[in-house]
Each structure stands twice: as C-alpha cells, then as structure tokens.
Amino acid sequence: MKKLSISAFVFAGLWALGPALAQDVPKVDAKRLEEVTKAMWPKTPEGWEKRISYDETQAVCSQFRNDLPQAEFDKVKARELATIKLPADGNVLGDWKSGRRFANDGRGGTFTDRPMTNGANCYACHQMDRFELSYGTLGPSLVNYGKDRKYAPEEARAAYAKIYNSMAVMPCSTMPRFGYHGFLTEEQIKDLTAFLFDPESPVNK
Amino acid sequence: MRVFMALAMSVALGAGSAHAQQAIDTEKELEKYRQMMSDPMSNPGFLNVDRGEVLWSQKRGSKNASLEGCDLGEGPGKLEGAFAKLPRFFADTGKVMDLEQRLAHCMETQQGVDMADITRRRFGAPGRTSDMEDLVAFIANKSSGMKYSAPLAHPKEKEAFAIGQELFFRRSDFMDFSCATCHAEEGKRIRLQGLPQLNKAGKDAQVTMGSWPTYRVSQSQTRTMQHRLWDCYRQMRSPEPVYLSDGLTALTLFLVKQAEGGEIQVPSIKR
C-alpha cells in the first residue's frame, strides 16, 4: 500500500514537470529520500516539539504536486474539516484593528525568532486594504471581502474556518493551516475575520 | 532587479497621476545605480574574491598545505569552469558534492584545518569574515561568462537530481510550505518582491542561479547558495537545515539544471 502510493507520486511528479525534465531521471527511492531529509533536519529544535513536521496531508500534497485525484481530495477534505475548532461561544468576530495589525505583521515562527505572538502576514500574498500598496499576489485579492458577502454571519464563519484550516475548503491550498498548526491563536483568527468582515474595516472601504 | 522596479512602481502609485513618468525616472536612476554596482571596482563582492584568492594558495591547517591540490571536478587545482559543472559526483568520496561540500572536504583532508571554526564562520557577519564565502566568491568568479552545465551523467548525480526535485515540492512544517509554494508560477510576488519561477527550466532560473553567489546589500555580505537555501527554509518556518547536508546539494543540482544554459556572472549584487 505504502509502496504503491510512493511510486504513484513519483510518476505524478515527473509527469507534472513535463517530458523535458522527466527524461533520464530515475524514480526516487523513498527510503533514500527519507535518509536525506533526516540528515537535513536530524533533530527537532528545542521548543518545537509540538510543531507538526510532516503530516499525512503534507505528504499526499507533496506526492501529487498539490493536484489530488478525487478520492484523495475527498479524504484530505474530510480529515482537515474534522480539525476545525470554532470559538466556543460561536462568535467569530474579534477586533478588526488588531486584525489589521496582524495582517501586516510578518514576524514570528522562524528558527531565528524568539518565541512571540506570530504575525499572520496576510499581505505577503493578498491585497486587503486597497491603500496598502505593498501586497503580494500568490493569493487572490481580498478587497471588499465582507462587503461582497453582504457581511453574512455564515460567510464570516466560513472565513474563520478557512483561516483556521484552508485545506478543509481546498485540499493542498497554498495557504497555511494557521489554526491547525497553532501558528495563530483563536483570538487572532477572530481579529482577522473581523478585519475582513467589519463594515468599518478598510478592507471594505 | 524586480524589487527595485516594484519599489519604483509603489512610489509612483502612491504619488497619484504623474506616476507613470515618475516610475520611469526612478527606474532610470536605479538602472544607473545597478550598472555602477555591477562594476567590479564598485561591487564589494569582489573583496571576497580577493580574500578567497589569498585563502586558496595560503598554507594552513595541521598539514600546513594550501588548497591548490584540491580537485573541484576538473582536476587538482583547476579552477576555470569548475563551478559551472557543480554539483557533481566525486569518486574519492562516492558522493555528489556542491562547491562548499567539496571545499570542506579538501580543507579537512588536505589541509587539516579546524572544521568547527569553518562551520562557525560559514556565514559572514560584521567583524567576522567567512572563509567559505570568500573561497566560493573566488572560485565561482572563475566561471563567470560560462554557462551552467552540471554533467548529470553518473547514477548518483541522477539520483541527487531526483531527490532535489522531490525536496522542491515537499510541503512540510509550521506553514505547509514547499519551495514550489512561491516558485512554481510565473510573475508572482511576496509583498513587492518578485519571485522567480524555478519549477521549470527557463529564463527565471537562468537569471536567478546565474547570479549566485551574490553581494547582498541588505546584509552587507556576499552570500552563497547554501545561505540562500538556509534563508528560504528559515522563511518557510522549517527547522534550520544542516549546513552542507546532501539535501541542500540535491536541491542545488535541481536548480542549476533548471538554469542550464544560463550565463554565470558572479559575484553579482542584489538587494
């Protein structure tokens, strides 16, 4: 079973890269690949014990170059959906001003950072407040996000869930699973959801 | 280059209606600056080249030997074009090695220098020069004007390439990122920083790989591919990858093959 999936992933990978690269490239021996990665990262850094290093979903997304066959897609979606924890009181909207700050903050979580409250760094990939010109383009623009959704409470809950675990919505999404990994706290995700959904937020102006 | 353009654009966008002309003016100024900085007399990376030249022929270590007997793939002491063909397989170690792994091997076996010290100073910092950065700048410069052409003939080289390719797409750790997250689409950027597309062979890969090692203005240091990959994994929120580990060499081999045919002009100068 394990062997099957690995040869499938090697095949999928070579195929995805096209014939120019696939020629003459041998399939990777899974054991050898594991040896090499183990030697790159031989031990868990102190304080990182709770961090996920390589889970089942990451493995399958890597194997299929993020383009999953339907059966795998459904499996990942169900697995990731089960990890989402909404706030106990059902309120997904925090303080949009604080959300604005986190959205603009790219610090935290690297091996040269001290433990700190991690920034969400949304602008690395998304346009949000249209007057913030330094935004990336890996993700879609989120300008008018709440307004376009008529500030509907169910849409706000969906946004909270997407920030918490993007792969429950889109398996192998490029976006990190911020809540699942514990990269952001519940409070932070609420603040970010408010940044998207508060009518006063510059995202909707 | 893209950063400068993007910065120029952002300045222009902020300024409102006269933005197009201002962007062009800013870009012209930056182009002058870039030309000035790529002059060997103005690029601080050439200080590393000079120091590297001294280090290459200096007798050091417990064996009081220079590196002049070191075989970088083209024969002992042969430097011209050696960098353009790395990483490659070396029969004496039975391994595919990049330039830094190979230099470390020669320092250890031929010179007997203190490798803990070499590793401690692997990345230069204010008041601390790096022998590796100096030697890499010197040796890579001996391939300037040449094109990347790693042999990729030996089975171990093919294996390393395939491993590098897998690593490029391997999603892991705190943010689920892989190299491909940022480098598998055309014309994307993080904030205003342009991202080269590196999952396929082509111009982006050629321009990117052809300009490493580079003097990084933001760090005031000349950096090698080992440092570039170290910093990529840092930003990916991965644990620190082991310096000179085989995985980094495999990734480098994957990247230089994407850059095949691209001209090497190093040390370059970047943000």
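In chain A, residues 24 or more positions apart account for 60% of the contacts with a separation of 6 or more, a contact being a pair of heavy atoms within 4.5 Å. Before we zoom in, please note that this is a predicted model, in which local features need pLDDT of at least 70, side-chain atom pairs count only at pLDDT 80 or more, and totals for chains, interfaces and linings use all residues. Residues are numbered from 1 along each chain as its sequence is written, chains are lettered from A and ligands numbered from 1 in the order in which they are written, and side-chain values use heavy atoms, leaving out hydrogens and water.

**View 1. Chain A has 9 helices and 0 strands**. Helices (H or I, at least four residues) and strands (E, at least two) are DSSP runs, numbered from the N terminus. Of the 205 residues in chain A, 48% are buried; here buried means under 20% relative accessible area, exposed over 50%, and partly exposed in between, with a 1.4 Å probe and protein chains only.

**View 2. Helix α6 of chain A has buried residues along one face**. Look along residues 96-103 and you will find A:Trp96, A:Ser98, A:Gly99, A:Phe102 and A:Ala103 buried. Seen down the axis of α6(A), these buried residues fall within an arc of 155°, so they line one face of the helix; the arc is that of the directions from the helix axis to the C-beta atoms. Helix α9 (186-197) of chain A is included in what covers the buried residues of α6(A). At the start of α6(A), a side-chain oxygen of A:Asp95 comes within 3.0 Å of the backbone nitrogen of A:Lys97.

**View 3. A:Cys61 sits in helix α4 of chain A**. This helix covers residues 56-63. A:Cys61 counts as buried because its relative accessibility is 0%. Leaving aside neighbours within four places in sequence, A:Cys61 is in contact with A:Asn66, A:Leu68, A:Met167, A:Cys172 and B:Arg171. From A:Cys61 to A:Ala168 is 107 residues in sequence and 13 Å in space, C-alpha to C-alpha.

**View 4. Three strands of chain B form an open sheet**. Their order is β6-β5-β7, with mixed pairing; two strands pair if DSSP finds at least two bridges between them. At the edges are β6 (221-223) and β7 (268-270) of chain B, each pairing on one side only. Strand β5 (residues 214-216) of chain B pairs with β6(B) in the antiparallel sense over 3 bridges, and B:Arg216 has B:Gln221 in β6(B) as its bridge partner.

**View 5. Loops of chain B hold cis peptide bonds and a positive phi**. The bond from B:Leu86 to B:Pro87 is cis, with omega near -5°, and B:Pro87 lies in the loop between α3 (45-57) and β1 (88-90) of chain B. Another cis bond joins B:Val266 and B:Pro267, with omega about -5°; B:Pro267 is in the loop between α11 (246-258) and β7 of chain B. B:Arg237, which is not a glycine, has a positive phi of about 65°. This arginine, B:Arg237, is in the loop between α10 (225-235) and α11 of chain B, and B:Arg237 counts as buried at 8% relative accessibility.

Conventions. Polar contact = N/O pair within 3.5 Å; in protein donor to acceptor, adjacent residues only side chain to side chain.
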